[in-house]
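The following report concerns a single structure, shown below.

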Amino acid sequence: PVVKREDYAAPAFLVDSVDLCFDLDPAKTRVLNKMWLRRNPAVAAQPLRLDGEELNLARVLVNGEGSSFKLDGNQLVLEKLPEGDQPFELEIFTTCAPAKNSKLMGLYVSQGTFFTQCEAEGFRRITYFLDRPDVMASYSVTLRADKAAYPVLLSNGNLVEQGELDDGRHFAKWVDPHKKPCYLFALVAGQLVSREQRITSRSGGQHLLQVYVRPGDLDKTEHAMNSLMASIAWDEARFGLPLDLERFMIVATSDFNMGAMENKGLNIFNTKYVLANPATATDTDYAGIESVVGHEYFHNWTGNRVTCRDWFQLSLKEGLTVFRDQEFSMDMAGSASARAVKRIEDVRVLRSAQFPEDAGPMSHPVRPDQYAEINNFYTVTIYEKGAEVVRMQQTLVGREGFARGMKLYFERHDGQAVTCDDFAQAIADANPDSELARQLPQFKRWYSQAGTPRLHASGSYDAQMRRYTLTLGQSCPATAGQPAKEAFVIPVALGLLDAQGRELPDSARTVVLSETSQTVVFDDVDAEPVPSILRGFSAPVVLEFDYSDAQLLTLLAHDSDAFNRWEAGQRLALRCALAAVQSPAAVHQPLDAAYLDAMRAILRAPGLDSAFKELVLTLPGETYIAEQLDLVDPQRIHAVREAMREQLAHALHDDWVQAFEANHDNGAFRPDPVSSGRRALAGLALTMLCLAARENGNPVWPGKALQRFKDAGNMTDRVSALGALVGSGSALAAQALERFHALFKGEELVLDKWFALQAGAPDRGGNILPQVKQLLSHPDFHLRNPNRARSLIFSYCNANPGAFHRADAAGYLFWSERVLEIDAFNPQVAARLARALDRWSKLAEPYRHAAREAIARVAAKPDLSNDVREVVTRALAD
Ligand code: ARG
Ligand code: ZN
């Protein structure tokens, strides 16, 4: 059942208003849905087809009278409706079973509380409806439930009425002042408490902000509330977009398929992105909360006020909103160095997850042309590459020009369901003299063509003419269904350095490459310069330039662009890694002296922030290294990277000691960029020192790590010390793990870390898989809780290639069993796991054959979900 973008047709009926009444009961919830509909005058008359899934239908009334209907698969079809354009009332009465809803789509129960998740197509699991984003309606919602079990009753908008009912039940009525597509509907009912904050916005509006959590978790809500207040202030300051609601609520749940959901006025979050205090959450968790709270809040305009015409346009809201949350985090970070650190982190995600996706069987354009299951397209391509496509538009029109474009976008489209074309058009129209406006049709190939473009650059220096010529070219590999690609519009930020690392005056510029090849000429150049190309990662491409080691060392030491400094270090390390992986000899010491000296210099440099040092000193990941190769031996890559880490640990031993001493003490915990950077570098130093101790047998550093683990005043230090012990295979690891478990028995999110740490530990002699299997039957392991399943199973299959890719294929067998097991109750989570073997066709033997067999084993199951079916079918076609 493939859905195609080209088949889009406007809805035959429009829904003006929806009045929902819920009698909440976990076993059998009754839903009365009264709608006012009318025929869409722009579409030829036809029957009304409403979507519904796993519903029990009891009654259908049209204008108060019984009406004939039929069921066609998952659709309720009404053929004899009033003719003409007049509105009519349709009343549908259904029941559903929230307690049995293990897919976590629609209305479900988590730990005794009701939650909903409707995006993308979950509303049809609540009632029959035109479940598509271009049908926008006004909602009023009445919730009725037992008062003792469900004291808090929430839905979108404003609370207009509440009161008591018979039999210990009560009710609440909510009215949403804004029209919305049904995927933004939400309700919550249960025993919850809230942190509240009243604010006055810069435009004078009064608002009530609430963060709802389970009783006992209130002490973990301060950071989420602060992040929400900061998001509101930022959107108003940067884009002039105010909060348009009297009340804005965030509710946390432990059972959630994804990160969070932007339901209008009632965001529902995975607890992972709400709950934090210094004892239980790491710096990474704090940063994740800030960015996800921002992300969902920013959807209030980009997604909710202006939404998507159809799900092929998903990146219209997701790419744009990720771009906005990235900018928000950068502005919050403050210093230029902290901004660069955020940029490097974002690019690392893009290159280690999106580039492989773009080169694999699930590759798709930012605006896909077809899908079998829309839930499979909430991808790094739609989100992260989509954000890069928006970022390039900002680069092409400038920051102010982009804000102008956003203004025009809302002037034109507020209250509408629109397309990616509409967005780009608004940005271009607001900047008629820009390069974007001049080349808009070609620029939009970023939306339609999949695959990661290659940017080929080469330089030639003419000493006589004192002229340096940089030639830029582009190509893009074929992807499934797109054998030939046309040229992209690629903004290339660049500058030239002299051999001493000084920037040549006036050499910095942004070149817009739109041809297959273009040259850039620099005059009055005294000697062959070092080009710093693709500064700030100005486009989501692979830069190919034949840098000498000396040039990379110059960039690493001196470039004014912090991103390219980091990138030069990564290129040097990657070179050593690839040479070692490809050499027939045994892996011994992959890193050369020049690289080690350069790393030492970075570690010692007084003017660099700790956070930046930590990024530079972190080697490229195994997946990133694998992406550079046509034939991948995961064991070989793992061995090489481990050898590199050990070499770095030994060669820089005394500097690691220095770095630890200088960064380990940070006083009271504050999650700001400077102190989190210091903790990150101290953590890396400790990891390195424990790794070095593994070889030299000196127990001092493992002993210190254990002590630090025990005394830690915050989770970041505690978990990094524990990680240092586990990662180095220290004999002290077991007791530390045991103690960690005992300390945090009741803390779900901390137990997730405990499982993840063990499943993600470096494999030594095949010990990880047996350990993972054993943990499956640990009393704290709950397969049906997505966070817990991810912490154990995904950490092993997706994040630990050295342990997962076993010559005996046992890792793949384990994977196929878990995919099938999870698919039986939660297809969305199963389909994510199914993607762990996306890149099977690049594997060397014996892995390749075994991986294909494992995928075929999954595909052979007759009653697979649509979700998993699509993933494995595409994988086998690769
Ligand atoms: N719109 C949400 C976000 O990006 C993601 C919801 C995805 N849910 C799903 N079932 N695919 O914030
Ligand atoms: Zn989003």
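Which residues does UniProt list for "domain: Peptidase M1 alanyl aminopeptidase C-terminal"? The unreviewed entry gives residues 549-877; UniProt positions follow the numbering used here, feature names are shortened, and annotations may be inferred rather than shown by experiment. This is a predicted model, in which local features need pLDDT of at least 70, side-chain atom pairs count only at pLDDT 80 or more, and totals for chains, interfaces and linings use all residues. Residues are numbered from 1 along each chain as its sequence is written, while chains are lettered from A and ligands numbered from 1 in the order in which they are written.

The span 549-877 is 69% helix and 0% strand, and its end C-alpha atoms lie 40 Å apart. Helices (H or I, at least four residues) and strands (E, at least two) are DSSP runs, numbered from the N terminus.

Around ligand 1 there are 13 residues, of which Glu-119, Met-258, Met-261, Asn-375 and Tyr-378 come nearest. A residue counts as near if its C-beta atom, placed from the backbone, lies within 6 Å of the molecule. Strand 21 (260-261) and helix 2 (283-299) are the elements that give two or more residues to this shell.

Strand 15 (residues 169-175) pairs with two strands as tabulated; pairing requires at least two DSSP bridges.

Strands 14 and 15 form a hairpin with 4 residues between them. In its turn, Asp-167 has a positive phi of about 60 degrees.
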